[in-house]
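Let's take a friendly walk through a protein model, one topic at a time. Please keep the structure open beside you as you read.

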Amino acid sequence: MTKPTRARMRSLLLGSLLAALPVLPALAADAPALDGGPGPQLRAGSLMLIPAPANVQRGNGSGITLSAGTALQADGEAAQRVAQQFADLLARSGGPRLALASGKASAKDGSIRFEIVPTFRDSGEGYTLESTAQGVLVQAGNETGLFYGATTLAQLATGGSNGVLPAVQIQDAPRFSWRGFMLDSARHFQSLDEIKRVLDAMSAHKLNTFHWHLTDDQGWRMEIKRYPKLTEVGSCRLPAGDGGIDPVTGQEYPYCGFYTQEQIREVIAYAAKLHIQVIPEIDVPGHATAAIAAYPELGSISTPLKPISEWGVFPNLFNVEDGTVTFLENVLEEVIQLFPAKYVHVGGDEAVKDQWIASKQVQQRMRELGIKDEMAMQSHIIKRLETFLEEHDRRLIGWDEILEGGLPPQATVMSWRGTEGGLAAASSGHDVVMSPVSHLYLDYLQTASPNEPPGRPTQVNLAKLYNFEPVPAGLAADKRGHILGLQANMFTEHTRSYARLQHNLFPRLAAVAETGWSAPEHRDFRDFLARLPAQLQRYRAWGLAYAQTPFEVAVGYTDNRAANTVTVSLSNPLGYEVRYSTDGTAVNAQSPLYQQPLTETLPARVQAAAFYQGQPLAAAPTTAAYTAQSLLSRHSQELLSCVGEKGLVLRLEDDGPREGARTVFTVDIFQPCWRWPAAQLDGIGSVEVRAGRIPYYFQLAHDEPARKFEKAKGRTGEMLIRRGDCSGKVVAQVPLPAKPDADGFVTLRAALPKGVSGTGDLCINFTGDTRPAMWVLDEVTLQK
């Protein structure tokens, strides 16, 4: 499909948001201002810093005001490097450009001095910062701590402070040693410059671990000189549908990319200057399709494979032969030569064992080794890799599935399926990084806004991220030191652009940073929200395209066609105050404060924006316009799944055009059905549905039986309309065409029989399993 739908064109008129009423409870649940208490509010003594420091002592008056003439003082190469990094960050964040002064001076002459003190009480990442009217002194026991002190000072001088520093003493150190972020470069590839910009933003948030997911079913992104086919073959895949076709030539247009070893060294060196360790991940024994496509002898089946643009859980596993383990050791040898970090991540997740179970060769090998089952076989391979890594002075880390079948003695567990795996591993004396999918996966959407990019509608919002506690309450006190910290993960199935990546990461990484750095007694979500607008100002100075959706106004509505009115509800997902206008005037800090739903006569137009301390938080106000005709239509994202939690609802984008904006559909991939709750059918004679067709690009493994497609009567299937219960009587149906129109869509009209009236649920679904494609609903309109 290549052309925008009418719903897409209509959204340009609506400006930002036209969400159905069922969205509102989910929004309200995380909005502090909606629970009867105050909204974002600074605690006494708080500074506009993220993450919050461990100890702050406010002084009287203010410190110096930074200007281009403010001198930077530093002795020794390490302190001078930090001073220069401070100058760069300050200028990049909207402050003045400062220069390193020559000669010695104290921090009492209006200058800023950075010092590394060998006898400093903290030899880790801690620092002290003292700001007075005479100047600023930042001290630490090493370059890393001094760097974090410089990062704090750059925040004090920006974000709306106009360079005026407070009089303050700060003693600060992180709670956890592992404050991580994982980026998946295997499914979608990021340029070297984009990786560096992510590292810049990480360091400005005091995050110190970059977990680089470099191999998966969809691509092998790291050059291995001993095995050149890994990138010659494994780094290219063909995008599904129109996205894989050159619109000019009509030829296949593969999606390719990998990092040379020289580029990887460049990234590692760049990260090291920012005091970030880079942890590589080479995934085994599953997520291995790209590698097996390059070297088929590594696989567990004889069927030729190739990297493809499908998402989910693939069945393809490395086989269990000694030669394959040797291959993996040879790969790890080159990985170790490149990456100086202590840890190497070997994956271990989602390795469906069906191929091993069916393979006579694998079963024979298990008997030879005396291994009882397939999980123990995976454990055997992981233990061999751990031994290899230990011999090379490295430590193995893997996803929590490596617990199954027995854990190697020195292995570290990254707990992603919840906190239970981390609790079990730490209780057994293993180090753990907490990374549960429920709280720390950034490929999940962060609000219910229809302006969110494609992804999983289940929300990991700012409140959920911030309130996550990495140390389980049930973990014994003497085992809590095994919790190294936490990590947010960004898998990139739906993240095909850097703009979309920035949207998914920020401001949520700010919440991750504070959870990893600040002690529980110093964390307060309302206080965090009061400090967040200053961070947004720094983001804008950096040119960082952070998500607008948490700062927009969510709109819900109910309509009364008989009375020719619409009742509009407004809220901000984070509880910031909302101001609005209904008379066409621009919304500003003096506009009416929203306090209760607005009932307006049609046609109606509502503009609204969220504010903090008189400043708008989103780049543009939300505008919602309603007419009698527009209220007869709903887009797929305003509808519900017919089967509720039994299905798997995703926001999926069209397969074309190859570049640029694509239409987004909300669809239950287990059962393509849509429900319009409380549809008003009085006076309605037919239902018009604009439907599209997109590739069905999912590997479901053991979830395949959950797919429930209603059996088709005709060769190409039907669109069915039901009233009330979505499993009830069909009131109208029309046949589906063999293929959509030239623009990739088709308009279907189903006449309703006489007697179908009143208010109740309207259910729409498509029959037949049409894989490798699927019909999706774009927009439904009631016709009089």
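## About the model

This is a predicted model, in which local features need pLDDT of at least 70 and side-chain atom pairs count only at pLDDT 80 or more, while totals for chains, interfaces and linings use all residues. Residues are numbered from 1 along each chain as its sequence is written, and side-chain values use heavy atoms, with hydrogens and water left out.

## A seven-stranded sheet

Helices (H or I, at least four residues) and strands (E, at least two) are DSSP runs, numbered from the N terminus. Two strands pair if DSSP finds at least two bridges between them. Seven strands make an open sheet with mixed pairing, in the order β1-β7-β5-β6-β4-β2-β3. β1 (55–65) and β3 (99–100) are at the edges with a single partner strand each, so one side of each has no neighbour in the sheet.

Now look inside this sheet. Strand β2 (residues 71–74) pairs with strand β4 (residues 112–116) in the parallel sense over three bridges, and Ala74 stands opposite Phe114 in β4. β4 also pairs in the parallel sense with strand β6 (residues 135–140), over five bridges; here Ile112 has Val136 in β6 as its bridge partner. Strand β5 (residues 127–132) and strand β7 (residues 164–172) are antiparallel, with five bridges, and Tyr127 has Asp172 in β7 as its bridge partner.

## A five-stranded sheet

Another open sheet has five strands in the order β31-β34-β40-β37-β38, with antiparallel pairing. Its edge strands, β31 (640–641) and β38 (730–735), each pair on one side only.

Within this sheet, strand β37 (residues 718–723) and strand β40 (residues 759–766) run antiparallel and are joined by five bridges. Ile721 has Ile764 in β40 as its bridge partner.

## Helix α5

How far does α5 reach from its first C-alpha to its last? The helix has 13 residues and spans 19 Å, close to the 18 Å expected at 1.5 Å a residue (the expected span is 1.5 Å times one less than the number of residues). Next comes Lys206, which follows α5 and has a positive phi, near 65 degrees.

Residues count as buried under 20% relative accessible area, as exposed over 50% and as partly exposed in between (1.4 Å probe, protein chains only). Eleven of the 13 residues of α5 are buried, so the helix is largely enclosed by the rest of the structure.

Arg179 lies in strand β8 and is buried, at 1% relative accessibility. A polar contact is a pair of N or O atoms within 3.5 Å; within protein, one must be able to donate a hydrogen and the other to accept it, and residues adjacent in sequence count only if both atoms are side-chain atoms. A polar atom of the Arg179 side chain lies 2.7 Å from the backbone oxygen of Phe176. Leaving aside neighbours within four places in sequence, Arg179 has contacts (heavy atoms within 4.5 Å) that include Glu125, Lys206 and Trp517.

Arg187 is in the loop between β8 and α5 (192–204). Is Arg187 buried or exposed? Arg187 is buried, at 3% relative accessibility. Its side chain makes polar contacts with the side chains of Asp184, at 3.0 Å, and Gln218, at 3.5 Å.

## Trp178 is buried, at 2% relative accessible area, and Tyr343 is buried at 7%.

Tyr696 and Phe698 form an edge-to-face pair as well, 5.1 Å centre to centre with 80 degrees between the planes. Phe506, Tyr539, Trp542, Tyr546, Phe551, Tyr576 and Tyr612 form one aromatic cluster.

## Charges over rings

A charge sits over a ring if NZ of Lys or CZ of Arg is within 6 Å of the ring centre and within 35 degrees of the ring normal. Lys206 has its charged end over the ring of Trp517, 5.5 Å from the centre. The charged end of Arg523 sits over the ring of Tyr466, 5.7 Å from the centre.

Definitions and conventions: Phe/Tyr/Trp six-rings, centres within 6.5 Å; stacked < 30°, edge-to-face > 60°.
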